[in-house]
Amino acid sequence: MKHDHKTGLTENDFRESFSKVKLTSNEINLLKILYESPNHKATGIKLMEILNKNHPGGINLTFARIAKKISKVTNVYPSSKRENGNYRWWSLLAIGGEEGKYFTWELKPEFVGALEKEKILNQKIKFKLEEVFPVIRAIIRNLNLSKIWVDRDEIATELKKDKFIQEKYLNGVTDINWISGNMVDWFSASITRESIIVQEYLLEFERRKIEKPNINGRNRKIWAYRIKNVLLPEEVEEIDIKHIEGKVSTVLVNRYERDSEARLKCIRHFKPTCQVCGFNFRDKFGELGKDFIHVHHLKEISSIGEEYEVNPIEDLIPVCPNCHAMLHKKKPAFTIEELREIMKTEQNKAYNGHFS
Ligand SMILES: [Zn+2]
Ligand SMILES: [Zn+2]
């Protein structure tokens, strides 16, 4: 059974009305989901599921709000009323139907035509990139302290909790999930385009695609970010040697990844402080020196087999470039203890010199 309550509104009428009404992101989102459904038709249950709502009332209300806006500018009202005398607002835009025990909405063809021609569903929510992106940057930096990759969904979740974003962009908005997600997607798109506004982030972050299910359990690929850990020339050398040792070229990328993740874990464990002499670049150079340190591989490269998995705490150790260079003065390299001992001996000599 279909309930097509005709009103006489044509595609052109709808198109004209779009120049006068302003739809919210929430309203556009509902239309988008319906539009993208097979035959532009979906059950209320399905819409609730996709929009993450637990009551169909919200969807009905959103539908009504869109219809009211259009009625107001066209002066055409729904041709169907409920028993209580209220308009069936949805009937201005959709054909009602039943699928089993579920009610369905199907967008009217003339309404669909207008949506397409006026590109209503391509509208983006408006926010100032220069306000939102620094918040995203801070979120990645912060989450990166406790986990290696920070993905799009995790950033969006933090955005929703951010006081500034809440007050400026999310107040009174129903679909904050969609907006916060959209903000992160916009950030990612800007990185892809290497927009001016994200120039400095390009240097700061690296990213990769990861697979993750959305709220409906469907897997999709999303971006994950982390602070770039610049590999220093000497470390690259060490890693390259290991790659040659590994022999199988297809595992090179994985090994490299594992190495840079191990490096981060190592630095987090020991702090970016030289474990031989105690030098810390941040103490000396402030922001400029933040997180700068070399990581020395304690295991001899030649002793590493193909199945070797680096242990970030036992096999790696942060050292300053000076101490790193001294460690490699001998082959195989000095141990950390040996180098500390040499330093201590020299220091003692210097002190003794004062008193003798
Ligand atoms: Zn040092
Ligand atoms: Zn080294």
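## Exercises on helices and strands

At the start of helix 7, the backbone nitrogen of D153 lies within 2.9 Å of a side-chain oxygen of D151. The model is predicted: local features need pLDDT of at least 70, side-chain atom pairs count only at pLDDT 80 or more, and totals for chains, interfaces and linings use all residues. Residues are numbered from 1 along each chain as its sequence is written, chains are lettered from A and ligands numbered from 1 in the order in which they are written, and side-chain values use heavy atoms, with hydrogens and water left out.

Helices (H or I, at least four residues) and strands (E, at least two) are DSSP runs, numbered from the N terminus.

### Exercise 1

Find the buried residues of helix 7 (residues 152-161) and say where they sit around the axis.

Step 1. Buried means under 20% relative accessible area, with a 1.4 Å probe and protein chains only. In helix 7 the buried residues are R152, D153, I155, A156 and L159.

Step 2. These residues cover an arc of only 160° around the axis, so they are on the same side of helix 7. The arc is taken from the directions from the helix axis to the C-beta atoms.

Step 3. Now look for their partners, with contact meaning heavy atoms within 4.5 Å. The buried residues of helix 7 pack against several elements, including helix 6 (129-143), helix 9 (176-193) and strand 6 (205-213).

### Exercise 2

Describe how helix 2 (residues 25-36) and helix 4 (residues 56-74) cross.

Step 1. Their axes come within 10 Å and cross at roughly 105°. Axes are lines fitted to C-alpha atoms, for helices over the stretch in contact, and angles run from 0 to 180 degrees between N-to-C directions.

Step 2. Helix 2 is therefore roughly perpendicular to helix 4, a term for angles of 65 to 115 degrees.

Step 3. At the crossing, N26, E27, L30, L31 and L34 of helix 2 meet I59, T62, F63, R65, I66 and K69 of helix 4.

### Exercise 3

Work out how strand 8 (residues 294-297) and strand 9 (residues 316-319) pair, and where their side chains point.

Step 1. Two strands pair if DSSP finds at least two bridges between them. Strands 8 and 9 are antiparallel, with four bridges, and V295 stands opposite P318.

Step 2. From strand 8, H294 and H296 point one way and V295 and H297 the other; all are buried.

Step 3. In strand 9, L316 and P318 are buried on one side, and I317 and V319 are buried on the other.

Notes: Buried means under 20% relative accessible area, exposed over 50%, partly exposed in between (1.4 Å probe, protein chains only). A polar contact is a pair of N or O atoms within 3.5 Å; within protein, one must be able to donate a hydrogen and the other to accept it, and residues adjacent in sequence count only if both atoms are side-chain atoms. Angles under 35 degrees count as roughly parallel, over 145 as roughly antiparallel, 65 to 115 as roughly perpendicular and the rest as oblique.
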